[in-house]
Each structure stands twice: as C-alpha cells, then as structure tokens.
Amino acid sequence: MAELSNQLMAVTVLAYLAAMVCYAAEYAFGDRSHIGRAAARPARELVGAGAPVPPAAPGEPDVLASAPDEADEPTSSAGTPEAPRRDRGELLGRIAVGLNGLAFALHLGTVVTRGVAAHRMPWGNMYEFILAVTLVGSAVWLGVLTRRPAVRHLGLFAALALVVLLGAAGLIAYTPVGPLVPALNSYWYVIHVSTIIIASGILLIGAVPAAMFLIRTGYDEGRRSFPYTLGAKVPAAATLERLTFRLHAFAFPLFTFGALIAGPLWAEASWGRYWGWDPKEVWAFISWVVYACYLHARATPSVKRTTATWIALLGFATMLMNLFGVNLFFEGLHSYANAGGM
Amino acid sequence: MTVVEERPAPAASPPPRRPNRAWALLRNSWRQLTSMRTALVLLFLLAVAAIPGSVLPQRALNAEKVSGYYQAHPKLAPILDRVGGFEVYASPWFAAIYLLLFTSLIGCVVPRLVDHVRALRTVPPDAPRRLERLPQHAAGEERSDDPAAAAAAAAAALRKRRFRTIVREGDGGAWTVAAEKGYLKESGNLLFHLALLAVLVGVGFGHWYGWHGNRLLVQGADQGFCNSVTQYDESTLGPRIDASDLPFFCLRLDDFQAAFQPTGQPKTFEATVDVQAKQDGPWQRKRFTVNDPLRLPQANVHLLGHGYAVILRYTDRYGEQQTKILPFLPRDGMFTSEGVAQFPDVNIDPKTNKRDENLQVGFEGVYLPTVDPQGGPTSVFPAENDPTLFLTAYRGNLGVDAGLPGSVYALDRGQIATGRLKQVSGVRPQRLTPGQTWKLDDGTKLEFLGTRPFATLSVRYDPTQPLVLGGAVLGLLGLMLSLGGHRRRLWFRITPREGSGSVVEAGGLPRTDYPGFGEEFQQVVGAARGDEGGTP
Ligand code: HEM
C-alpha cells in the first residue's frame, strides 16, 4: 500500500504538470478568449473595490463592488475574426480543468493509500502534511472554478503552486510510512491538524489571486516589464481582490480555531501548558497576526488594497516559513524529527 | 467598507478658554493611538517582535541551550541577554508593544461599543429621495391595494426575513418602509476585539497566580513526594503566589509501562500512581498518560518523559553497605542513559568515626537497556531486553562539600582535573549486568541490583485557563459573525396610484462589501410585493 501511494504520488505530480501545461497553453492562445477579453477591457469596473482608488467613503455605497463578477462575462461574443483561436483556447482550458480534476483524484488516492498503509490519519509528518495541504488547495481551486469559471486563467499559477509544493514534499520531506509517536496519539491530532491543513490549503490558493492581483494592478498602471506582463490575461483586478478576500476571510477563522484554540487545548493536555512559545507556536502566532493584519488593513479605509494584499502574501510567506524553516532548522517540541523521545 | 476612521473626539469636554497646547497634543496622540492605522502598525510590530524568540534559544524553554549559546558566542550573548534576547516574550519591549496595542484596542472599541449600542436602539433612517441612485433599485410596480396595506405587506415580508423595519407615513398618502439588517456583523466584530482583551487579561493573571514544578519521580513507595517547592527539581511560582499557597497532595509512582514498536519507536506510555489528595486522606490509585494528564484539585500532573533508575549497592572497606537509586537520563530515543553514583559518606572508620574526604567514591557511566550485540556504544532498543551498565570508578574528593550545588548527573570535572578525584578503574569501563558485583582495586564492592522506571512529571496550575479558553472561543464566534455578516439597508416607497391602488418602488444599499446583495435584493423585493405585485 505504501508503495502504491508513492507511485500514485509520482503520477499525481505528472497529472498536475499536464494540467499546468494545458492551462499555460490556454493562457497563451486564449488572449482573445472571453476571459482574456474581459480581463483586457479598460478598467472601468475597477473603480469600486479597485486598488489604487480609496474605497468608498463612509456611508456611501460601494456601488460597483458587486458588479465585476458579472462584468467578467462576455458582453458580445460572436463575429470576431479570432473565433477559431478562441475556441482552441476554450478547448485547452477545458482539458486543463479535466486534467486538474484527474490530478485531484490521483492526489486523493495518494493520501488515502498512505493513510491505509499507516493505519491512521495521513498527516503525521511533514511529507504527509504537505500532501494533505495541497490536496485541500486543489479541491478549493476546483471549487472556486465551478463557482466562478471566469477565473480559470489563474489555473496556470494555481497548478504551478501545487506542483512546486508537491515537488518540495517529495524531494525534501519524503518520509517512509511509519506509526505515530504517542504524543500524537490523540483525537486532538485529528482536530488540530485537520483544521490547520484545511486552512492552509485555502490560504495556499488564496495566495494565487493575491499575487495575481498585485501583478494585474501593476499592469493596469501601465507597467510592462516581467512579471507585470503576466497580468495581461488574468481576470480583472477587482475580481481577483475580492476572491483573495473571500478565501482569506473563510480560512482565517479556521486557522484561528486550529492553531489558537485546538492547538493550545491539546498542548495543555499533552505538555501541561497551553502556550509555550515553541518555535512552531511562535510562527503560527506570527502567521495569525499577519493575516489579522491583512483583514484589518482591508477594513481600514486609508490603507490601499495593494498594501493589504501584500500583507496577505507576507502571511503566506510566514506559513511557508513555519512549514519548511521551522521543521527543518529549528528544534522544538513540534519538530517531527525529534518527536521520537516522547 | 464603511468604517469611519476618524471618529469624533472622545466626549467633547468643555473647551478650555485658551487653546491648551498640552491638552491638544494629548488628545491628538490619543486619537492617533486609537486609529486603525496605528493598530495595524502595532499588530505588525508584534509579529516582527515575535521572530527573535524562535531564532534565539529561550531561557523559559531550554536554559541549557542558552548556556550553549553563551559558549558558542561569548561576545554576542551578553549583549543579546541585556536586550532580552533570551527572554523575548517577557522582555519590556515585547510588553510595550502589546500593551500599546491593547490600549489602542480599548480606546477604539469602547467608543465603537457606545456607537453600536446607540445604533441598535435607533430605527433605520427614512428612504432617500431618489431610490434610483442606490446600488440596487427596483422600478415602481403597481399594486391593486392601497398604499397603507402595501406598506404593511412589505414590512411583514421584511420582518419575516428578520430585518429591523419601520413604516412611515409621508405627505400626500405616500408611505415608506425602511429596513436594516446585519447588526450582528458589528456586534461580532466588537465581541472579537473584546474577547482578545479577555484573553490578554487571562494570560496575565495566569502568569501571576499560576505555578509549575518539574519532578523526576522514581517508581516505589519509598520514592514518593508531597507537593512543595523543595520537592521539585525546577519550579516557578507566579509573582503573586508563594510557597505556602501550593495545594496539598502526595504522589507515588506505582508503575510505569512503556510499549514500543519493533523499530524502537514508542507506542504507548502509562503511569500508575497512588495519590493522596487530602492530608491524612486515603490513597487512591490513578492512571494517566501522555495526552491525558492526572487532574487534581488545583494541580495537573503531566507525563513528560521517562527513563531508568539504576540501583547500586556499595560495600566499603569496613563492610558498611549503602544502596542508592540513581536516575540515568536518556540521551537518545533508544534510551542510552547517562548518570553517576556518588558515595561521599563511605569508608568512614568506625573507630574514629571520621570521614576521610579522599576516600569518597564516585561512579560515572552509561546504562543501555538493550546492549548492542555488535559492541556499539549505544542502546539498540528502548526496552530492557539486555540491560547492561558500563561504569568508571573514581576515588578521592568528590567536591560535594564545597557548598556549591553540583549536578547530580555528572561528577565534578574540576576535581578530576586537579587530581583530587582519581580514576581507579581500568581504561575501559566496567561492564555490569543486573545482579553482578564489581570488585574494586581497594577491595570494596559495587553491586548492580537492577533498575526501576522513572517518570518525569510536570505539575502545573493555571487558574485562568478557563477564562483564556472562553475568551478564545467567544473571539472565534465574534470573528465568524463579523466576517460572515453583511450590513445592508432596504427601502420601499409606496405612492398612491391614480384612481386606486399603489406604486411600489424599492432601493437597496449594502453597507459592506457584499457580492450577493443583488440577489437578495431581488428576492426580498419579490416577496415584499407579494403575489399581488406585478399587476400591469
Ligand atoms: C489586538 C489586536 C487586534 C487584532 C488581532 C485585530 C484583528 C482584526 C481582524 C482579524 C479584523 C477583521 C475582522 C472583520 O473584518 O470583521 C479586524 C477588524 C477591525 N478592527 Fe481589529 N484587531 C486588533 C486591534 C484593533 C484595534 C486597536 C482597533 C482600533 C483602532 C481595531 C479596529 C477594528 C475595526 C474598526 C475593524 C473593522 C471591522 C469591519 O468593518 O470589517 N482593531 N480586526
């Protein structure tokens, strides 16, 4: 079973890569597809929640805040000379989503077989943790796609993030299947770790529109150097910004529960203190504070949306730091490597 | 989003006759401090300030690592120490940041709370003159009933959807219905911020009134202890508590069971203890394990680790025997354990009854629960499958009388270096299995009688834990209400139609970012117009 899981893992990465290639192809061909067109339209609908403009004054309606969703849809579609190319882009996009779905299924298989092989929930070490986070990320991405097909052009970047993380999991964090140390043998293990995994998966996908929003705003401001050129074909800035916020606003309470309530409850039962500034705890605290900063900044009228979004990306960087930096470089009660004692 | 950054100054006090610059400065600083921007900066600073605590060793977590750091960086360490680098979370600058943040929080939340309570008690404002200017608008539709009835129908539909609704009669037979919903968003937001305060207060009081002690407890009725500061290997009492405040209980380790995977990975641990919770009360048998501590009134006993204590009997040159039970501390996951045995009060001539300081005896070595058949220096399995003890003997002055507290897990290196304590066994350590006796060069004997398990326990009490947990849960609840909620207003204007009947027009205003508002608006308007609506 463990062997099967490893093989599935390899196929999963390949499937994501294939999906990524198709997304990329759609991205390349599809500059006149309806998504591309909506994205390339003048920034009329960006005014409302759009970045550089100060948000609506108190009491005044955020008039356009609810408009861009619909505005991303095509207004007129027929009769353009590029129609065949558009179809090709469309087709590639659909294939990409299909491959993405396939990759997700394989990914799920990887995680499940791993759990079966280990006779426990498959998130007992760093490798499994990343596998699970990316699985959630993939699910969230597919979920976002079904609800808002207009953001499909982000697929290239979402798939890229998944491939990079999965690759990192396989290359630096691979651990053979093993049992849990007694300290992890607790129902809190299920509650604490699973909520953090779900929150992290959502935040992972949240970082994609966040980054693309920044790129897109730069593009809209007339910057034409890399990476701003990538902004040419992604959805409108306001759409990206709102997607970013929705994902973060959903993940933040989950993360709060997992890291700042369930975690301390477990720590109290296991180590006797609910909070001890162990490196893992320190970085969870930092991530929480930074993400709180993001939500706070977004609610602060005098702070630009771009600034707020930078904070969200910084939050993601602190999550990565907690995952890689703390696991690999700092020694603490949480590090799986020295969890063998007790 | 609709947040008023610049709130009006706190309760306008009577203006001073002359513009008082100090007062103005104070008021401005307060306004600055309680602005959301400042809160943001402070929040950010808090995150940054937390970083060094994960990079530098922290005294509260691991004092030995701090000493190690001192040795590795003798120049840098004292400087870092002076600025609190090894006690980041207790340092004045860390405290300054969070205290400022929470001052800002109070200054921000209290006026908002007042505003919100007022808002909760005021009715939604009347409809603006031109509903078509609002983000959502439904053009007038005709109904057959008169305006009063149409207004009542709209109000009923709105109330059913839990809008706060008020119906007003205007001039010329026109009616308006104003409705607002989503007050829970602001309530939740206030709850979240207030809960943060509760958590801070809880953490602070817990620090003041809590205590903890660590204790290594060897199995056996003769090894038990009763709760008191002196019984702990290491303890901290909160500043507001002293030794006499500790609750009474006595504890004996009756049994310790550890099970391991074939790979040596631990599987389960279980400690069985006898507890006496009241003075002269009965002893009760209790079991606890790693994730399931022993809960006593005002104290929780947590199992942190375990190991083996070696039992040694020394027979001196006058035939006197002394037996000691000596915990050996595990050094790795396979329980290669290190320790010492010190016998300062031996070889006392019974005739003179005088102790010869140079005839004290000490042993140092490792205990391997399962010796490596290939002869390696470390244990190969954590359980006692093939227990073996390797000891080196020393004789001379142990240096334990010098008044300096030495480690009970190592011999005094200084005494060995100066030659006052000499190695008296061969170059290779003596190998002993349980029951074996070792005859030393001077005819004295050391017997390895066996081992007993020990458990390392952490005993703790934190009186405000429930407050902190309650605060955290309420905070989460507030957060979800705040992030999930949407504040919005709807208005209906009903004007009399020429002849009979009425015309119903509606407008809607989302007061926060709310993409689904259009849909809701359509639904509510549809319901408010009812089946009656739409008569052409
Ligand atoms: C103790 C540190 C603080 C933390 C962790 C924190 C966290 C947060 C979070 C996560 C949000 C977003 C939730 C939401 O949008 O409802 C928020 C919103 C908000 N916070 Fe704070 N905050 C803190 C201190 C403050 C302070 C000092 C102020 C006052 C200056 C303040 C005023 C606000 C306001 C007005 C909102 C906006 C609510 C909205 O309209 O959406 N907070 N805060």
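1. Let's start with B:Pro293, which is buried, with a relative accessible area of 8%. Here buried means under 20% relative accessible area, exposed means over 50%, and partly exposed is in between (1.4 Å probe, protein chains only). B:Pro293 is found in the loop between strand S9 (283-288) and strand S10 (294-296) of chain B. Helices (H or I, at least four residues) and strands (E, at least two) are DSSP runs, numbered from the N terminus. From B:Pro293 to B:Ala90 there are 203 residues in sequence and 27 Å in space, C-alpha to C-alpha.

2. Before you read on, a word on the model. This is a predicted model, in which local features need pLDDT of at least 70 and side-chain atom pairs count only at pLDDT 80 or more, while totals for chains, interfaces and linings use all residues. Residues are numbered from 1 along each chain as its sequence is written, chains are lettered from A and ligands numbered from 1 in the order in which they are written, and side-chain values use heavy atoms, with hydrogens and water left out.

3. Now look at the ligand. Which residues are the closest to it? They are A:His296, B:Cys108, B:Asn189, B:His193 and B:Ser482, out of 24 residues that surround the ligand (a residue is near a molecule if one of its heavy atoms lies within 4 Å of it). The site is shared between chains, because residues from chains A and B surround the ligand. One of the closest residues, B:Cys108, counts as buried at 13% relative accessibility.

4. By class, the shell has 16 nonpolar, seven polar and one charged residues. Ala, Val, Leu, Ile, Met, Phe, Trp, Tyr, Cys and Pro count as nonpolar, Asp, Glu, Lys and Arg as charged, and the others, Gly among them, as polar.

5. Some side chains come up to the ligand with polar atoms. For A:His296, a polar side-chain atom lies 2.7 Å from a nitrogen atom of the ligand. B:His193 also has one 2.8 Å from a nitrogen atom of the ligand, and for B:Asn189 a polar side-chain atom is 2.8 Å from an oxygen atom of the ligand.

6. Next, the rings. Over all chains, the structure holds 26 aromatic pairs (rings of Phe, Tyr and Trp, with its six-membered ring, pair if their centres lie within 6.5 Å; planes under 30 degrees apart count as stacked, over 60 as edge-to-face and the rest as tilted). A:Trp275 and A:Trp277 make an edge-to-face pair, 5.7 Å centre to centre with 90 degrees between the planes. Ring pairs link A:Trp275, A:Trp277, A:Phe285, B:Tyr89, B:Phe94 and B:Tyr98 into a cluster.

7. Finally, how many disulfides does the structure hold over all chains? There is one, formed by B:Cys226 and B:Cys250, with sulfur atoms 1.8 Å apart (a disulfide is a pair of cysteine sulfur atoms within 2.5 Å). B:Cys226 lies in strand S5 (residues 225-226) and B:Cys250 in strand S7 (residues 250-260) of chain B, so the pair ties together parts that are 24 residues apart in sequence. B:Cys226 is partly exposed, at 35% relative accessible area, whereas B:Cys250 is buried, at 3%.

Key
A polar contact is a pair of N or O atoms within 3.5 Å; within protein, one must be able to donate a hydrogen and the other to accept it, and residues adjacent in sequence count only if both atoms are side-chain atoms.
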